[in-house]
Amino acid sequence: MRLAQILFSQGFGSRRECAALLASGEVRLGGRVLDDTDEDLATDGLVLNVQGADWPFHEHALVMLHKPAGYECSTRPGRWPGVLSLLPPPLRRRGVQPVGRLDADTTGLLLATDDGALLHRLTSPKHHVAKVYEVTTKHPVDDALVERLRGGVVLRDDPQPVRAAAVECTGERRLSLTLTEGRYHQVKRMVAAAGNRVEALHRSAFGPWTLPAELAPGHWQWLEAAGAPP
Ligand code: URA
C-alpha cells in the first residue's frame with residue numbers, strides 16, 4: 001500500500017495532512033525517515049513510528065480501554081467528558097465507537113472499534129457474548145439474593161424474567177455477575193429487583209477479553225480482532 005494511503009487509513013488526517021506529516025520527517029520505519037508519499041510498503045506486521053510513538057498498522061481498529069468513573073460512553077456526551085476523548089486523535093478520526101455502553105459511574109473494560117460488523121457481533125443480543133461485572137452492594141449479600149439473580153428477576157419494562165448466566169458471592173458486599181445480554185442499567189436494575197442496591201460497578205471481562213491488572217484507569221491497548229467470538 002502507498003505510504004500516504006497507509007497514514008490516511010490509520011487516521012492521521014486528510015491526504016494533505018498526511019503528506020505534511022511525511023514532509024516533517026516525523027514518520028519512521030526501523031529508524032529510517034519515510035518521506036516519499038508513493039513508497040509502497042507491505043502492511044502485514046508493519047509498525048510505523050509517528051511523532052515518536054509506535055503505530056502498528058491495523059486494517060480495522062479494536063482496542064480495550066480501562067474506563068474510569070466520570071466519563072460517558074455517549075458519542076454526544078453531556079454532563080461528563082466522553083470516553084473517546086481518552087483515545088488518541090487517529091483512533092477518533094477513524095470513527096472508533098464504544099462497543100455497548102457503561103454508565104458514567106461504572107469503571108472497567110470497554111471495547112471500541114471502527115469495524116461495524118464486529119461491533120454488531122459483539123453487541124447483538126443474538127450472540128450472547130458474556131460480560132462479567134464486579135458489583136459492590138449496599139447491603140450484605142445473602143444466598144437469597146444470589147438465588148434470585150440466578151433464577152431470574154422481572155424488570156419493569158419486560159415481563160420475561162432476566163437471569164444472570166453466573167453469580168458468585170466474592171465478599172460480604174461483593175458479587176461477581178456474568179450477563180449475556182446488555183439492557184439499559186441491567187446490573188443495577190437486576191440487583192435492585194432482587195432486593196439490594198449497587199454501590200459500585202466494575203466490568204472485568206467482555207467475551208474472551210479480561211481487563212489486565214497493569215492497564216491503569218484511562219489507559220488503552222490494541223486487541224487483535226482475530227480473538228473475537230465468531
Ligand atoms: N449494568 C448497569 O447497570 N450499568 C452498567 O454500566 C453496565 C451494566
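A polar contact, as I use the term, is a pair of N or O atoms within 3.5 Å; within protein, one must be able to donate a hydrogen and the other to accept it, and residues adjacent in sequence count only if both atoms are side-chain atoms.

The model is predicted, so I note that local features need pLDDT of at least 70 and side-chain atom pairs pLDDT 80 or more, while totals for chains, interfaces and linings use all residues. Residues are numbered from 1 along each chain as its sequence is written, and side-chain values use heavy atoms, without hydrogens and water.

Ligand. An oxygen atom of the ligand is 3.0 Å from a polar backbone atom of Lys188. A nitrogen atom of the ligand lies 3.4 Å from a polar backbone atom of Gln186. For the side chain of Thr106, I found an N or O atom 2.8 Å from an oxygen atom of the ligand. Taken alone the ligand exposes 240 Å² (Shrake-Rupley method, 1.4 Å probe), and the protein buries 95% of that. The residues around the ligand (a heavy atom within 4 Å) include Tyr133, His185, Val187 and Leu201.

Val187. I listed its contacts (heavy atoms within 4.5 Å), leaving out residues up to four places away in sequence: Tyr133, Val135, Leu177, Leu179, Val198 and Leu201.

Glu72. I found Glu72 in the loop between strand S5 (62-67) and helix H3 (89-93); helices (H or I, at least four residues) and strands (E, at least two) are DSSP runs, numbered from the N terminus. A polar atom of the Glu72 side chain lies 3.0 Å from the backbone nitrogen of Arg79.
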